[in-house]
Amino acid sequence: MICITSGSKGGTGKTTFAAVAAYVWRSLGVPVRVAKTASAAGFYLVDLPAFRLDDVLFVKILSKCKALIYVVDEDFETLGSVERLHAAVRGEVYGVILNKVFRKPGEVFVKAYKRFGDVYVVPFDEKLAVHRAVGVPPFRVKSPATLAMAEAAVDLLLKNKF
(Lines give C-alpha, C1' and ligand atoms only; values in the text may rest on other atoms or scores of the structure.)
Protein backbone atom coordinates (compact mmCIF):
# COMPACT_ATOMS: atom_id res chain seq x y z
CA MET A 1 0.00 0.00 0.00
CA ILE A 2 1.39 3.36 -1.09
CA CYS A 3 -0.14 6.54 0.28
CA ILE A 4 -0.44 9.73 -1.73
CA THR A 5 -0.67 12.81 0.46
CA SER A 6 0.19 16.45 0.89
CA GLY A 7 -0.65 16.64 4.57
CA SER A 8 -3.12 19.36 5.49
CA LYS A 9 -3.07 21.14 2.12
CA GLY A 10 -5.97 20.43 -0.24
CA GLY A 11 -6.18 20.98 -3.99
CA THR A 12 -2.65 19.91 -4.84
CA GLY A 13 -3.61 17.28 -7.41
CA LYS A 14 -3.39 14.11 -5.30
CA THR A 15 -6.49 12.49 -6.81
CA THR A 16 -5.43 13.44 -10.32
CA PHE A 17 -1.96 11.94 -9.84
CA ALA A 18 -3.43 8.81 -8.25
CA ALA A 19 -5.70 8.27 -11.27
CA VAL A 20 -2.90 8.85 -13.79
CA ALA A 21 -0.42 6.65 -11.91
CA ALA A 22 -2.91 3.81 -11.50
CA TYR A 23 -3.82 3.96 -15.20
CA VAL A 24 -0.16 3.91 -16.26
CA TRP A 25 0.82 1.13 -13.85
CA ARG A 26 -2.13 -1.05 -14.87
CA SER A 27 -1.20 -0.60 -18.53
CA LEU A 28 2.32 -1.81 -17.61
CA GLY A 29 0.91 -4.91 -15.90
CA VAL A 30 0.88 -3.85 -12.25
CA PRO A 31 -2.47 -4.77 -10.65
CA VAL A 32 -3.08 -1.58 -8.68
CA ARG A 33 -6.28 -0.02 -7.39
CA VAL A 34 -6.99 3.44 -6.01
CA ALA A 35 -8.72 3.65 -2.63
CA LYS A 36 -9.67 6.45 -0.27
CA THR A 37 -8.91 4.40 2.85
CA ALA A 38 -6.80 1.38 3.72
CA SER A 39 -8.27 -1.77 2.21
CA ALA A 40 -7.81 -5.39 3.16
CA ALA A 41 -5.89 -7.12 0.38
CA GLY A 42 -4.09 -6.27 -2.81
CA PHE A 43 -1.87 -3.45 -3.99
CA TYR A 44 -3.41 -0.03 -3.43
CA LEU A 45 -2.64 3.60 -4.01
CA VAL A 46 -4.37 5.24 -1.07
CA ASP A 47 -5.48 8.73 -2.10
CA LEU A 48 -5.65 10.51 1.25
CA PRO A 49 -7.59 13.76 1.56
CA ALA A 50 -6.10 16.81 3.25
CA PHE A 51 -5.91 16.13 6.99
CA ARG A 52 -4.27 17.34 10.17
CA LEU A 53 -2.05 15.29 12.42
CA ASP A 54 -4.79 15.10 15.05
CA ASP A 55 -7.05 13.16 12.63
CA VAL A 56 -6.49 9.74 14.17
CA LEU A 57 -8.03 7.76 11.29
CA PHE A 58 -5.66 9.18 8.68
CA VAL A 59 -2.58 8.94 10.89
CA LYS A 60 -3.45 5.29 11.49
CA ILE A 61 -3.74 4.72 7.71
CA LEU A 62 -0.37 6.43 7.18
CA SER A 63 1.26 4.12 9.71
CA LYS A 64 0.20 1.13 7.56
CA CYS A 65 1.67 2.55 4.35
CA LYS A 66 4.67 0.89 2.78
CA ALA A 67 5.74 4.23 1.34
CA LEU A 68 4.58 7.78 0.64
CA ILE A 69 4.30 9.92 -2.46
CA TYR A 70 3.89 13.62 -1.76
CA VAL A 71 1.91 15.70 -4.28
CA VAL A 72 2.65 19.32 -3.53
CA ASP A 73 2.32 22.91 -4.74
CA GLU A 74 4.91 25.65 -4.82
CA ASP A 75 3.91 27.44 -1.65
CA PHE A 76 5.23 27.61 1.87
CA GLU A 77 1.96 26.40 3.41
CA THR A 78 2.27 23.07 1.58
CA LEU A 79 5.97 22.82 2.36
CA GLY A 80 5.31 23.35 6.07
CA SER A 81 2.51 20.81 6.05
CA VAL A 82 4.69 18.16 4.40
CA GLU A 83 7.60 18.87 6.75
CA ARG A 84 5.37 18.43 9.82
CA LEU A 85 3.84 15.26 8.41
CA HIS A 86 7.22 13.79 7.49
CA ALA A 87 8.64 14.53 10.93
CA ALA A 88 5.70 12.73 12.56
CA VAL A 89 5.47 9.71 10.25
CA ARG A 90 9.05 9.15 9.05
CA GLY A 91 7.93 6.73 6.34
CA GLU A 92 9.86 5.90 3.19
CA VAL A 93 9.19 8.47 0.47
CA TYR A 94 9.21 7.24 -3.13
CA GLY A 95 8.98 10.70 -4.63
CA VAL A 96 7.59 14.23 -4.59
CA ILE A 97 5.33 15.46 -7.39
CA LEU A 98 5.75 19.24 -7.61
CA ASN A 99 2.47 20.05 -9.32
CA LYS A 100 1.03 23.10 -11.09
CA VAL A 101 4.37 24.78 -11.77
CA PHE A 102 4.31 27.98 -13.84
CA ARG A 103 7.33 28.25 -16.12
CA LYS A 104 10.38 27.19 -14.10
CA PRO A 105 10.11 25.74 -10.56
CA GLY A 106 11.44 27.80 -7.67
CA GLU A 107 14.84 26.58 -6.52
CA VAL A 108 13.81 27.03 -2.88
CA PHE A 109 11.01 24.48 -3.27
CA VAL A 110 12.97 21.99 -5.37
CA LYS A 111 15.83 22.04 -2.86
CA ALA A 112 13.47 21.72 0.11
CA TYR A 113 11.50 18.82 -1.38
CA LYS A 114 14.66 16.95 -2.50
CA ARG A 115 15.26 16.20 1.18
CA PHE A 116 12.31 13.79 1.03
CA GLY A 117 12.94 12.06 -2.31
CA ASP A 118 13.17 12.51 -6.07
CA VAL A 119 11.27 15.59 -7.28
CA TYR A 120 9.14 15.39 -10.43
CA VAL A 121 8.01 18.72 -11.86
CA VAL A 122 4.54 18.89 -13.44
CA PRO A 123 3.74 22.09 -15.34
CA PHE A 124 0.45 23.89 -14.85
CA ASP A 125 -1.99 23.18 -17.67
CA GLU A 126 -5.46 24.62 -17.90
CA LYS A 127 -6.82 21.53 -19.69
CA LEU A 128 -5.87 19.29 -16.79
CA ALA A 129 -7.01 21.85 -14.22
CA VAL A 130 -10.61 21.66 -15.47
CA HIS A 131 -10.86 17.93 -16.21
CA ARG A 132 -13.26 17.30 -13.30
CA ALA A 133 -15.61 20.08 -14.37
CA VAL A 134 -16.00 18.59 -17.85
CA GLY A 135 -16.21 14.98 -16.61
CA VAL A 136 -13.10 13.63 -18.35
CA PRO A 137 -10.74 11.27 -16.50
CA PRO A 138 -7.31 12.90 -16.09
CA PHE A 139 -5.49 10.19 -18.04
CA ARG A 140 -7.64 10.99 -21.11
CA VAL A 141 -6.68 14.68 -21.15
CA LYS A 142 -4.01 15.39 -23.74
CA SER A 143 -1.76 17.86 -21.99
CA PRO A 144 1.89 18.35 -20.98
CA ALA A 145 0.86 17.99 -17.33
CA THR A 146 -0.68 14.55 -17.93
CA LEU A 147 2.46 13.47 -19.77
CA ALA A 148 4.69 14.70 -16.93
CA MET A 149 2.57 12.80 -14.37
CA ALA A 150 2.72 9.65 -16.50
CA GLU A 151 6.50 9.97 -16.83
CA ALA A 152 6.81 10.39 -13.07
CA ALA A 153 4.61 7.32 -12.51
CA VAL A 154 6.78 5.20 -14.83
CA ASP A 155 9.96 6.43 -13.15
CA LEU A 156 8.56 5.71 -9.69
CA LEU A 157 7.58 2.21 -10.82
CA LEU A 158 11.01 1.46 -12.29
CA LYS A 159 12.99 2.86 -9.34
CA ASN A 160 10.97 1.22 -6.58
CA LYS A 161 10.05 -2.22 -7.99
CA PHE A 162 6.59 -2.58 -6.47
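The structure is a predicted model: local features need pLDDT of at least 70, side-chain atom pairs count only at pLDDT 80 or more, and totals for chains, interfaces and linings use all residues. Residues are numbered from 1 along each chain as its sequence is written, and side-chain values use heavy atoms, with hydrogens and water left out. The protein has seven helices and six strands. Here helices (H or I, at least four residues) and strands (E, at least two) are DSSP runs, numbered from the N terminus.

**Overall build**

- From the N terminus on, the order of elements is β-α-β-β-α-β-α-β-α-β-α-α-α.
- A compact globule of 162 residues would have a radius of gyration near 15 Å, and the protein agrees with its 15 Å. This radius is taken over C-alpha atoms, and the globule rule is 2.2 Å times the number of residues to the power 0.38.
- Along the principal axes, the C-alpha atoms fill a box of roughly 35 × 35 × 30 Å.
- Contact means heavy atoms within 4.5 Å. Among contacts between residues at least 6 apart in sequence, 65% join residues at least 24 apart.

**Surface and charge**

- Of the 162 residues, 50% count as buried. Buried means under 20% relative accessible area, exposed over 50%, and partly exposed in between (1.4 Å probe, protein chains only).
- The accessible surface comes to about 8300 Å², and 57% of it belongs to carbon and sulfur atoms. These areas come from the Shrake-Rupley method with a 1.4 Å probe; for residues, only the protein chains shown count as cover.
- There are 23 positive and 15 negative side chains, and the centres of the two sets lie 5 Å apart. Lys and Arg count as positive, Asp and Glu as negative; His and the chain ends are not counted. Each charge is placed at NZ of Lys, CZ of Arg, CG of Asp or CD of Glu.

- Helix H4 spans residues 107-114, and its buried residues are Phe109, Val110, Ala112 and Tyr113. They lie on the same side of H4 because they cover an arc of only 165° around the axis. The arc is that of the directions from the helix axis to the C-beta atoms.
- An α-helix has 3.6 residues a turn, so residues three or four places apart point the same way.
- The other side of H4 holds the exposed Glu107, Val108, Lys111 and Lys114.

- Lys9 sits in the loop between strand E1 (2-5) and helix H1 (14-27). Lys9 counts as buried, because its relative accessibility is 15%. Beyond residues up to four places away in sequence, Lys9 touches Lys14, Ala50, Asp73, Asp75, Glu77, Thr78 and Ser81.
- Phe139 lies in the loop between helix H6 (131-134) and helix H7 (144-160). With a relative accessible area of 26%, Phe139 is partly exposed.
- Setting aside neighbours within four places in sequence, Phe139 contacts Ala19, Val20, Tyr23 and Thr146. The C-alpha atoms of Phe139 and Ala22 are 9.5 Å apart, although 117 residues separate them along the chain.

**Positive phi values**

- Lys100, in strand E5, has a phi near 60°, a positive value in a residue other than glycine. Lys100 is partly exposed, at 32% relative accessible area.
- Arg103, in the loop between E5 and H4, has a positive phi near 55° and is likewise not glycine. Arg103 counts as exposed, with 84% relative accessibility.
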